[in-house]
Amino acid sequence: MGLASEARGPSPITIPIIDISGYFTGDSQSLSSIAASISAAAQSPGFFQIVGHQVSPDLISRLLGRLAAFFALPEEKKYALHRRNSVALRGFEAVGDQRLEKEFADSKEGFMIGLEAPTEDARFLQGPNQWPDEEDVQGFREIMMDYFAEMRNLSRIMFRLVALSLDLEYTYFDEFVGSDNAISMCRAHRYPPTTEEMAKKTRGIGAHTDFGALTLLLQDEIGGLEVFHRPSETWHAVQPIRGAFVVNIGDMLERWTNDHYTSTLHRVISPVSGQYRYSVAFFNEGLRDQIIECIPTCLKSGEKALYEPVQVEAHLKKRYNISY
């Protein structure tokens, strides 16, 4: 993209680590502190990591194990589950299927699921999932859906904390994220081992901002995620922290907050490693028919909304059509 190179010297970006365990105790002082931390991080750099979330480490470990088994399947079995066979655009994505930078095809495989819905009720990004045969990857469907349910609940919690950070009632986003008509997706990625020479020519995922409202990312310990610091035009690594989730603001929430919160450009480089890299992103894109227009607390006296209202589904379709 010709944006910049890696930073040299001290980083101008700090990715905050926010402990959200106070949410579960209900302590008002802790909630205020968490909300203030989220507000600061969501404004700049638009990324933070959370700990104290109560998602089981055993669930994460079992998930990563089953993902390794799925991606190790023969190519023909994975391609039988390709997203082009899905009315909901779910299933397997091959290396190079997505291109987020013109210069690079994304060097990753993917597998996406969402809330199960009958084919006859399918709409954009909503419908039935595709699954491998149980004998091919035992327990894969169960563990993926267990993880999806956990992340859907964690996403609801994060939106409640975001609501508090915007001086809204904590339930302000509940229907947006919790309704059966809300678009929520879980996409797992596997990145291939990369030599120094390959790393110069590839991207794990090209530079982009996320399409939806809020992303929760599980990354393994190999790393590769980087965020862009526009003032210095430099890229900075988001260091993996065991047990933490990376949280970032998407375009929809930036728009909803009248640019009060920041959707930051990010990418995944192809880290030099002899191992596969795994990550799992949970996207809560929101209630498909909801109109996104400036949140009242994000419009100061005398200010005007920066964006025209937009329907969630229309916004997402436009962004997906560009990247695939």
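Colleague: What covers the buried residues of α2?

Modeller: First, the basis. This is a predicted model, in which local features need pLDDT of at least 70 and side-chain atom pairs count only at pLDDT 80 or more, while totals for chains, interfaces and linings use all residues. Residues are numbered from 1 along each chain as its sequence is written, and side-chain values use heavy atoms, with hydrogens and water left out.

Now the cover. It includes two helices, α1 (21-25) and α5 (140-165). It also includes the strands β2 (17-19), β3 (47-51) and β11 (245-249). Helices (H or I, at least four residues) and strands (E, at least two) are DSSP runs, numbered from the N terminus.

α2 itself spans residues 28-43. Its 16 residues reach 23 Å from first C-alpha to last, close to the 22 Å expected at 1.5 Å a residue. The expected span is 1.5 Å times one less than the number of residues. The buried residues of α2 are Ile-34, Ala-35, Ile-38, Ser-39, Ala-41 and Ala-42. Buried means under 20% relative accessible area, exposed over 50%, partly exposed in between (1.4 Å probe, protein chains only).

Take α5 next, as part of that cover. α5 has 26 residues and reaches 37 Å between its first and last C-alpha, close to the expected 38 Å. The axes of α2 and α5 come within 8 Å and cross at roughly 85°. α2 is therefore roughly perpendicular to α5. Axes are lines fitted to C-alpha atoms, for helices over the stretch in contact, with angles from 0 to 180 degrees between N-to-C directions. Under 35 degrees is roughly parallel, over 145 roughly antiparallel, 65 to 115 roughly perpendicular, the rest oblique.

From α2, the residues Leu-31, Ile-34, Ala-35, Ile-38 and Ser-39 meet α5. On the α5 side they meet Met-158, Leu-161, Val-162, Leu-164 and Ser-165. Contact means heavy atoms within 4.5 Å. The residues of this contact divide into 8 nonpolar, 2 polar and no charged. Here Ala, Val, Leu, Ile, Met, Phe, Trp, Tyr, Cys and Pro count as nonpolar, Asp, Glu, Lys and Arg as charged, and the others, Gly among them, as polar. Four of the α2 residues named in this contact, Ile-34, Ala-35, Ile-38 and Ser-39, are also on the buried list.

α5 has another partner, α3 (residues 57-71). Their axes come within 10 Å and cross at roughly 135°, so α3 is oblique to α5. In α3, Leu-59, Ile-60, Arg-62, Leu-63, Arg-66, Leu-67 and Phe-70 take part. They meet Phe-140, Ile-143, Met-144, Asp-146, Tyr-147 and Glu-150 of α5. This contact divides into 9 nonpolar, no polar and 4 charged residues.

Now the backbone. Beyond α2, Pro-45 lies in the loop between α2 and β3. The peptide bond from Ser-44 to Pro-45 is cis, with omega near 15°. α5 is followed by Asp-167, whose phi is positive, near 60°. Leu-125 sits in the loop between β5 (109-114) and α5. Phi of Leu-125 is near 65°, a positive value in a residue other than glycine. With 0% relative accessibility, Leu-125 counts as buried. Leu-89 lies in the loop between α4 (75-79) and β4 (91-93). Leu-89 also has a positive phi, about 60°, although it is not a glycine. Leu-89 is partly exposed, with a relative accessible area of 25%.
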